[in-house]
Amino acid sequence: QMQLVESGGGLVQAGDSLRLSCAASGRTFSAYPMGWFRQAPGQEREFVASISWPGGTTFYADSVKGRFTTSRDNAKRTVYLHMNNLKPEDTAVYYCAAGSLGSTAQAMSAYPRATLNAWGQGTLVTVSS
C-alpha cells in the first residue's frame, strides 16, 4: 500500500500562488499515475489535475486550466500542484491520490468513476477575497 502525505496548504489572498506537495512512500511511486482532488465545504470531492507515471501527460479540470500545473519528481517520490492566481472558489481541502497500477492520468480525470489506489490525508487551502 502506498502512503501519501500532502503539505503546503495555507491561507492566502486572491491572486496569490501556492505550491502543494505530496510525498509518497511504500509501493513504487514511479509506476502510478497521480492526481489531485479537492473538496470544498458542503460539496462533493472533485477532480483537479492528474499526471501520468512518466510525467509527460497531464489533465486538468476546466475550472483550473491555465492557473494550476501539476508535476512530479519520481526520484523524490513527490508530486506537486502549482497553483497560480488563486480565487476564493479554490478554497478546499486538497488531496493527492494514486491511480491503479496500469491506469492512466486520463482515467483519473473521470473521477469519481476512476479507481484510485491510495489517498493522502489532505491539506487545507483557504483563499481570502
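# Questions on one protein chain

Reader: In which strand does aspartate 73 lie?

Author: This is a predicted model, in which local features need pLDDT of at least 70 and side-chain atom pairs count only at pLDDT 80 or more, while totals for chains, interfaces and linings use all residues. Residues are numbered from 1 along each chain as its sequence is written, and side-chain values use heavy atoms, with hydrogens and water left out. Strands (E, at least two residues) and helices (H or I, at least four) are DSSP runs that are numbered from the N terminus. Aspartate 73 is found in the run of residues 68–73, which is strand E7.

Reader: Is aspartate 73 buried, exposed or partly exposed?

Author: A residue is called buried under 20% relative accessible area and exposed over 50%, with partly exposed in between (1.4 Å probe, protein chains only). Because the relative accessibility of aspartate 73 is 24%, this residue counts as partly exposed.

Reader: Which residues does aspartate 73 touch, not counting those up to four places away in sequence?

Author: Contact here means that heavy atoms come within 4.5 Å. Glycine 56, which is 17 residues from aspartate 73 in sequence, has its C-alpha 12 Å from that of aspartate 73. When residues up to four places away in sequence are not counted, those that aspartate 73 touches are Phe29, Thr78 and Tyr80.

Reader: What radius of gyration does the protein chain have?

Author: Taken along the principal axes, the box that the C-alpha atoms fill is roughly 40 × 30 × 25 Å. The radius of gyration is also taken over C-alpha atoms, and the globule rule is 2.2 Å times the number of residues to the power 0.38. For 129 residues, a compact globule would have a value near 14 Å, and the protein chain agrees with this, having 13 Å.

Reader: What share of contacts between residues at least 6 apart in sequence joins residues at least 24 apart?

Author: Of the 129 residues in the protein chain, 43% are buried. Turning to contacts, and taking those between residues at least 6 apart in sequence, the share that joins residues at least 24 apart is 60%.

Reader: Which cysteines form a disulfide?

Author: A disulfide is a covalent bond between the sulfur atoms of two cysteines. The rule used here asks for a pair of cysteine sulfur atoms within 2.5 Å, and by this rule the count comes to 1 disulfide. Its sulfur atoms are 1.9 Å apart, and they belong to cysteine 22 and cysteine 96.

Reader: How many residues apart in sequence are the parts that this pair of cysteines ties together?

Author: The link of cysteine 22 and cysteine 96 is right-handed, with 50° about the S-S bond, and both cysteines are buried. Since cysteine 22 lies in strand E3 and cysteine 96 in strand E9 (residues 92–99), the pair ties together parts whose separation in sequence is 74 residues.

Reader: Is serine 21 buried or exposed?

Author: Serine 21 has its place in strand E3, which covers residues 18–25. Leaving aside neighbours within four places in sequence, serine 21 is in contact with Val5, Glu6, Ser7, Trp36, Thr78, Val79 and Tyr80. Because its relative accessibility is 15%, serine 21 counts as buried.

Reader: What relative accessible area does aspartate 90 have?

Author: Aspartate 90 has its place in the loop between strand E8 (78–83) and E9. Not counting residues up to four places away in sequence, aspartate 90 touches Arg38, Arg67, Phe68, Asn85, Val125 and Val127. Aspartate 90 is buried, and its relative accessible area is 0%.

Reader: What value is phi of asparagine 85 near?

Author: Asparagine 85 is in the loop between E8 and E9, and at 42% relative accessibility it counts as partly exposed. Its phi is positive, in a residue other than glycine, and is near 50°.
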